[in-house]
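I opened the model to look up strands, helices and what covers them. My entries follow in the order I made them.

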Amino acid sequence: MKLELRTITKRFGSVTANDRIDLVVEPGEIHALLGENGAGKSTLMNILYGLHRPDEGQILIDDAPVSFGGPGDAKAAGIGMVHQHFMLVPVFTVTENVMLGHEPTKGLAFLDRRRARRRVTEISHRFGLEVPPDAVVADLSVGVRQRVEILKALSHDARLLVLDEPTAVLSPQETEQLINVIRTLRDAGTSIVFISHKLREVCRIADRITVIRRGAVVGTADPSASEGELASMMVGRPVRLTVDKVPAEPGEVVLDVRGLSLVGDDGVVLVDDLTFSVRGGEIFAIAGVQGNGQTEVTEALVGLVKPTTGSISVAGRDLGPLSTGEILDLGVGYVPEDRLRDGLVGDFSVAENLVLDLYDKPPFARSGALDLARIEADATARVREFDIRPPETTRAAGTLSGGNQQKIVLARELSRPLKLLIIAQPTRGLDVGSMEFVHRRIVAERDRGTAVVLVSTELDEVLGLADRMVVMYRGRIAGEVPAGAPAERIGLLMAGSAPDDQAAVPPGDVASAGVR
Amino acid sequence: MSGRTGPGRRVLDALVRADSVVMTSLSLLCALAVGAVLIVLADQPTRTAMGYFLSSPGDTFTLGWHAVWSGYAALFEGAVFNPGNSGMAVFEPLSNTLLNATPLILGGLAVGTAFRAGLFNIGVQGQLIMGAICAGYVGFAFRLPPVVGLLAALLAGVAGGAVWGGIAGWLRARTGAHEVISTIMMNYLALYLLSYLLGVPGFQAPGSNQAISREVSDTARLPQILGPDLRLHAGLVIAILAAVACWWLLSRSTLGFSLRTIGANPSAARTAGMNVERGYVTVMLISGGLAGLVGCSQVLGTNHALTGDIDAGLGFQAITVALLGRASAGGAVLAGLLFGAFGAGDVVMVANTGVPADVVSVIEAVVVLFIAAPALIRSIFRLPESRGGAAGVGQFAKGWNG
């Protein structure tokens, strides 16, 4: 299917979200849409899916103008969407989820499960989308759930598929599989719109790239364009993709973890006998695919979960009996991976969020009363220092973009003297510009002599920032990798296969390697 | 996750979203309009006129208008000012309004404060009964000097309510037992404890075979503040002071900050080093204590003796007041005054015009219903959305990384 958007303009009040956007997606083309958060990609796709009406411009499908009153019309016209957050019913089986909304029936009202199942199997074979048709969605991994979403769209006879940040939740291996699926679909004649902020991926998979900035198309590019070129197109200024840093000057051991194990409520071992130490002035990275125990480790480090066995000490002080509040007071900064759930209160103002763990300490509080003037003054200073936009301290934090929300959390955690900074997925969902900023601040904190524990699933980030790194797999350290090791080797460790060469230190030796 | 989407959290969300003053006024207007329709339908002459509507439509409108006008006029006369009164009686409607408002303000503060910490305290009924039992007992069992007697009774009342609320908070913190369930159950416990006590010698009024307690001694009573002819008592002063205290607690104190954080996002509160469990217990102690003050106001000020219906529906009206007042201290005062006025005017309206008392209950219910459904008010008055697109679209757009 050929899709053409002509001079699409959409205004919300005084804000022009889309400014005369032209976009042509040829049949059987993978067209990547690249742009920072808030650039107008979402508005454009909502227009395409019939959720918004454009103020000007028109949509053409196979050169015929169309007009969508709602998502139903868009679906009927052959447009399928795979959202970043999956829209599946977890307790239903794959088949049930796929047939939801257009259930085949027999007789008056009986579901024809057999026919539905046959259709699921047929489509999944045709496009190489292997899914277990009778499995309950809740039991499936994220990658397979995504395939179910794609299958759902294809079962509506979608001839144009829009994928929104599809790799954000996938492991490198799952991403590979997804790329294969997308190529198969393209070869079968389906047009693909691929929304992403990961430059490397976009360059690998796209046939053509359209870059959007501030609601307008700033240009189209070939996949042969360099990542740097694309990044500067996206941001509107030259961007450094590599992190500038001098070699680490490690000091005293700040964090010492010995034999840390965590067992979940259901008896599953989440973290298995972890031993490592981190010195002041170095960045220690824990790489790994989401869900291999890294989250639990960070939570244990700040006392949100208590270790089943093992000990953790910060600057020689055992954390065992301490509460989270007391641990933070020792000089531990914590940037949680899910900032909207754990790092911020969306309904609170920026100023309130900036004192979320300092509100009861001087100078913000005196004998049980908040000093609102001091809180406000501090917020104004932080907003300026960290360039939080829009620069309004009274605005609800939940209305800011992801990058600015992350800046609030960082500004708060870095605003007091730290011995140890624990930072998880620092750039998840951030655009290139914010990413650069966050990385610079992390390195700056290291250079002040703070020990930094970085947990990330992004290989590039780990490679760029880490002074030392380990890979976690199924709750264990699969190996320690020296800085500068090739990405492929780390990728293999993340997938659980230990490579044969010496790049990886066997788990037993990590402790000694860690102390150096 | 369950903590974030519990009923308390959802109600809180709904309250925070709407632009309060405009939406509340419009909701009130709509509720009065609904009430007017009911008055017209309940009015016998108007109904008769409807029978011959086609031959003389004017009659229906004249009579209907008359019924509504006289009904709402009587409501106003009963609640605010009656031109027919003279002398101190001029203040009688206002005194009645404020007398009714006193327990509603305190109850609204109790529910609202718990809301802010993300807890839905349905147990004001039980807590005020426990407060009334304790305050009443101290009030009639000990013969204490003036002032001391009153203070002791008040303290006992606050303690009784606080303990009853605190138990629910502790259960939530310790075992995860949902406060909606536990407070409802504790309402029954308090209710039946009261009816048991009202039959126990020493508690029951001597020489009476009715379910009524002994009378609170003079020294433990809340003094009447507008002279002996008007029933308004110092409970109102306590209610206003409590409202100021709640306002300070929630918006100016460190404790209030942590309670609000816990209410808005318990995960973030925990991550920021706050003790969520302790917060739950603390806010339920505070909420229960405020509910205990409702009991004090009733047994030390309004009635002077305990009966089986000391609650008189106040426990649940408190929830309505808190909703209308959007869980804020000032809102609780205004909503308490409004419902207090409805309560005072209601009596006069029924007596003077024959409009059924239920109309006022319906109006109260409809106000809250409209407040709970801001989208409805927005569409009636064609107001713009407060932010973003329609709720459904906004939800959808989230999937698009924006």
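**Entry 1: ground rules.** I call a residue buried under 20% relative accessible area, exposed over 50% and partly exposed in between, using a 1.4 Å probe and protein chains only. Helices (H or I, at least four residues) and strands (E, at least two) are DSSP runs, numbered from the N terminus. This is a predicted model, where local features need pLDDT of at least 70, side-chain atom pairs count only at pLDDT 80 or more, and totals for chains, interfaces and linings use all residues. Residues are numbered from 1 along each chain as its sequence is written, chains are lettered from A and ligands numbered from 1 in the order in which they are written, and side-chain values use heavy atoms, with hydrogens and water left out.

**Entry 2: helix H9 of chain A.** I looked at residues 294–301 of chain A, which make up H9(A). Seven of the eight residues are buried, so the rest of the structure largely encloses this helix. The buried ones are A:Gln294, A:Thr295, A:Val297, A:Thr298, A:Glu299, A:Ala300 and A:Leu301. After H9(A) comes A:Gly303, with a positive phi near 80°.

**Entry 3: strand S9 of chain A.** Is S9(A) mostly covered or mostly open? S9(A), residues 160–164, is mostly covered, with five of its five residues buried. In a regular strand the side chains alternate between the two faces of the sheet. I checked both faces of S9(A): A:Leu160, A:Val162 and A:Asp164 are buried on one side, A:Leu161 and A:Leu163 on the other.

Next I looked up its partners. Strands pair here if DSSP finds at least two bridges between them. Strand S6 (residues 79–82) of chain A runs parallel to S9(A), joined by four bridges. There A:Met81 has A:Val162 as its bridge partner. Strand S10 (residues 191–196) of chain A is also parallel to S9(A), over five bridges. A:Leu161 is bridged to A:Ile192 in S10(A).

**Entry 4: strand S1 of chain A.** S1(A), residues 3–12, pairs antiparallel with S2(A), residues 15–25, over seven bridges. A:Leu3 stands opposite A:Val25. The two strands form a hairpin with two residues between them, and A:Gly13 in the turn has a positive phi of about 60°. S1(A) also pairs antiparallel with strand S4 (residues 56–61) of chain A, over five bridges. In S4(A), A:Gln58 is the bridge partner of A:Arg6.

**Entry 5: the six-stranded sheet.** Which order do the six strands take? I read S18-S21-S22-S15-S23-S24 in chain A, an open sheet with mixed pairing. S18 (332–335) and S24 (476–482) of chain A are the edge strands, each pairing on one side only. Neighbouring strands are turned by 15° against each other on average, direction ignored. Axes are lines fitted to C-alpha atoms, for helices over the stretch in contact, and angles run from 0 to 180 degrees between N-to-C directions.

Within this sheet, S15 (residues 283–287) and S23 (residues 468–473) of chain A pair in parallel over four bridges. One of the bridges there joins A:Ile286 and A:Val470.

H15(A), residues 432–447, lies across S15, S21 and S22 (451–456), at about 135° to S15(A).

**Entry 6: helices of chain B.** H6(B), residues 92–116, and H10(B), residues 235–252, have axes that come within 9 Å and cross at roughly 20°. That makes H6(B) roughly parallel to H10(B); the classes are under 35 degrees roughly parallel, over 145 roughly antiparallel, 65 to 115 roughly perpendicular and the rest oblique. H6(B) passes H10(B) in a left-handed crossing, where the near helix is turned anticlockwise from the far one by less than a right angle (clockwise is right-handed).

Contact means heavy atoms within 4.5 Å. Among the H6(B) residues that meet H10(B) are B:Leu98, B:Ile105 and B:Arg116. The contact divides into 12 nonpolar, three polar and one charged residue. Nonpolar covers Ala, Val, Leu, Ile, Met, Phe, Trp, Tyr, Cys and Pro; charged covers Asp, Glu, Lys and Arg; the others, Gly among them, are polar.

I then picked B:Ser95, also in H6(B). B:Ser95 is buried, at 1% relative accessible area. Not counting residues up to four places away in sequence, B:Ser95 touches B:Leu226, B:Leu230, B:Arg231 and B:Leu232.
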